[in-house]
Amino acid sequence: MIERDLALHFSDEVGQALLARKPIVALESTIISHGLPRPQNLEVAREVESIVRQRGAAPATIAVIDGTVHIGLNNSELEEIASREDIAKASSRDLAIAVASGTSAATTVAATAHLAVLAGISVFATGGLGGVHRGANESFDESADLTALSTLDITVVCAGVKSILDVGATLERLETLAIGLVGFKTTNFPGFYLTDSGFTIEHRVEDATQIARICEARVLLNTNHAALIVANPVAKEMARALHDEVLTSGLARAKAAGITGKAVTPFLLEHFHSQSHGESLRVNIDIIKSNAALAADIAVAQRV
Ligand code: PSU
Ligand code: MN
């Protein structure tokens with residue numbers, strides 16, 4: 001049998017934090033390689049890691065580089081993920097194929113959460129979750145993020161889901177899959193670029209300590225077989241009129257171009273970035289920084 005520590009390569013920082021039982025925050029890499037434009041992607045990835053450190057936790061950005069799963073990236077590895085042309089987008093089903101063939105891949109929420117749990121990390125910060133796409137009743141396009149999170153004991157901080165998705169259907173699927181959901185200081189489910197997607201959620205939490213106590217109760221009640229999602233709205237949302245206009249044109253363009261499968265989400269994100277004159281990028285960066293800070297606070301608030 002392959003030992004866990006032989007299958008995974010830990011950065012010095014994360015390896016030491018695991019041994020010392022110090023707080024750790026997992027960070028996804030698809031947002032770096034496929035979600036943000038260059039060169040800001042590398043800058044943001046570094047800033048996010050430093051925010052996690054300032055709050056007292058170790059950042060563990062997760063990716064597959066030349067067939068090796070990395071839990072925590074050093075400076076040059078982070079640069080590779082941000083700038084190499086051969087970085088694929090890997091969901092959990094793609095991981096073994098990338099490892100066995102020696103290729104490189106950034107990990108989605110599904111793949112990052114899977115590897116974080118394997119590595120013994122229980123808090124994860126991302127930007128937006130994947131979900132049910134509009135028209136999914138015909139296309140069957142539902143992100144593997146949802147089914148992955150239905151089987152993983154991890155707390156995921158995100159800014160809700162983007163309005164490129166069918167938000168209502170995504171919330172219904174979260175309920176069916178028994179994935180926990182709390183709003184951070186709100187009961188309005190955030191719509192990523194927008195603070196309010198128009199959908200209400202049941203539970204509101206006020207601080208990181210309260211979330212850490214919920215995590216403990218989940219263990220006691222054995223309801224921690226599925227993830228807990230913390231929906232954290234961005235402080236200053238995107239201008240609504242611009243958002244709606246770019247969303248409409250993006251959906252139309254994706255349809256006209258016949259974009260399907262794993263290319264849909266990166267296509268729509270790129271459309272937002274190129275058509276919103278920097279506004280979607282500003283919001284996206286704010287989101288990932290704020291989610292990383294909250295995730296670090298949750299990791300620090302957990303009693304070991
Ligand atoms: N949503 C965003 N930004 C992102 C993603 C989703 O607002 O960067 C990325 C995440 O890595 C997520 C993935 O896990 O896209 C979902 O892709 P798909 O819809 O193909 O499952
Ligand atoms: Mn999809």
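Colleague: Is leucine 42 buried or exposed?

Modeller: This is a predicted model, and in it leucine 42 counts as buried because its relative accessibility is 15%, where buried means under 20%.

Colleague: Where is leucine 42 placed?

Modeller: Leucine 42 belongs to helix H4, which covers residues 40-54.

Colleague: And what is leucine 42 in contact with, leaving aside its neighbours within four places in sequence?

Modeller: With those neighbours set aside, leucine 42 is in contact with Leu78, Glu79 and Ala82.

Colleague: What about asparagine 41, buried or exposed?

Modeller: Asparagine 41 has a relative accessible area of 2%, so it is buried. Asparagine 41 also sits in helix H4. Not counting residues up to four places away in sequence, asparagine 41 touches Ile32, Leu36 and Ala82.

Colleague: What is the peptide bond from arginine 38 to proline 39 like, cis or trans?

Modeller: That bond, from arginine 38 to proline 39, is cis, with omega near 0°. Proline 39 lies in the loop between helix H3 (30-35) and H4. For background, most peptide bonds are trans.

Colleague: Let us change topic. Which residues have a positive phi although they are not glycine?

Modeller: Arginine 21 is one of them, with a phi of about 55°. Lysine 185 is another, with a phi of about 60°. In general, most residues other than glycine have a negative phi.

Colleague: Where is arginine 21 found?

Modeller: Arginine 21 is in the loop between helix H2 (12-19) and strand E2 (24-27). Its relative accessibility is 62%, so arginine 21 counts as exposed.

Colleague: And where is lysine 185?

Modeller: Lysine 185 is in the loop that joins strand E9 (180-184) to strand E10 (188-191). Lysine 185 counts as partly exposed because its relative accessibility is 48%, and exposed would require over 50%.

Colleague: Now the aromatic rings. How many aromatic pairs are there in the whole structure?

Modeller: A search of the whole structure finds two aromatic pairs. Phenylalanine 192 and tyrosine 193 form an edge-to-face pair, at 4.9 Å centre to centre and with 85° between the planes.

Colleague: Why is that pair called edge-to-face?

Modeller: A pair of aromatic rings is described by the distance of the centres and the angle of the planes. The angle here is 85°, and planes over 60 degrees apart count as edge-to-face.

Colleague: Which residues do the ring pairs link into a cluster?

Modeller: The cluster consists of Phe192, Tyr193 and Phe272. Phenylalanine 192 is buried, with a relative accessible area of 1%, and tyrosine 193 is buried as well, at 0%.

Colleague: What does asparagine 284 touch, not counting residues up to four places away in sequence?

Modeller: Asparagine 284 touches Ile31, Gly35, Leu36, Phe192, Tyr193 and His273. Phe192 and Tyr193 are the two residues of the edge-to-face pair. Asparagine 284 is in helix H14, residues 279-301, and it is buried because its relative accessible area is 2%.

Colleague: What lies in the segment after H14?

Modeller: Glutamine 302 lies there. At 21% relative accessibility, glutamine 302 counts as partly exposed. Leaving aside its neighbours within four places in sequence, glutamine 302 is in contact with Ser122, Val123, Ala212 and Cys215. Glutamine 302 and alanine 208 are 94 residues apart in sequence, while their C-alpha atoms are 9.0 Å apart in space.

Colleague: Let us finish with the whole chain. How many helices and strands are there?

Modeller: The protein chain has 14 helices and 13 strands. Of its 304 residues, 54% are buried.

Colleague: What is the radius of gyration of the protein chain?

Modeller: The radius of gyration is 18 Å, which agrees with a compact globule, because a globule of 304 residues would have a value near 19 Å. Along the principal axes, the C-alpha atoms fill a box of roughly 50 × 40 × 35 Å.

Colleague: And how many positive and negative side chains does the protein chain have?

Modeller: There are 25 positive and 35 negative side chains, and the centres of the two sets lie 3 Å apart.

Terms used: Residues numbered from 1 in each chain as written. Chains lettered and ligands numbered in written order. Predicted model: local features only at pLDDT ≥ 70, side-chain atom pairs only at ≥ 80, totals over all residues. Heavy atoms only, no water. Helix = DSSP H or I, 4+ residues; strand = E, 2+ residues; numbered from the N terminus. Rg over C-alpha atoms; globule rule 2.2 N^0.38 Å. Buried < 20%, exposed > 50% of the residue type's maximum accessible area, 1.4 Å probe, protein only. Lys, Arg positive; Asp, Glu negative; His and termini not counted. Charge placed at Lys NZ, Arg CZ, Asp CG, Glu CD. Contact = heavy atoms within 4.5 Å. Phe/Tyr/Trp six-rings, centres within 6.5 Å; stacked < 30°, edge-to-face > 60°.
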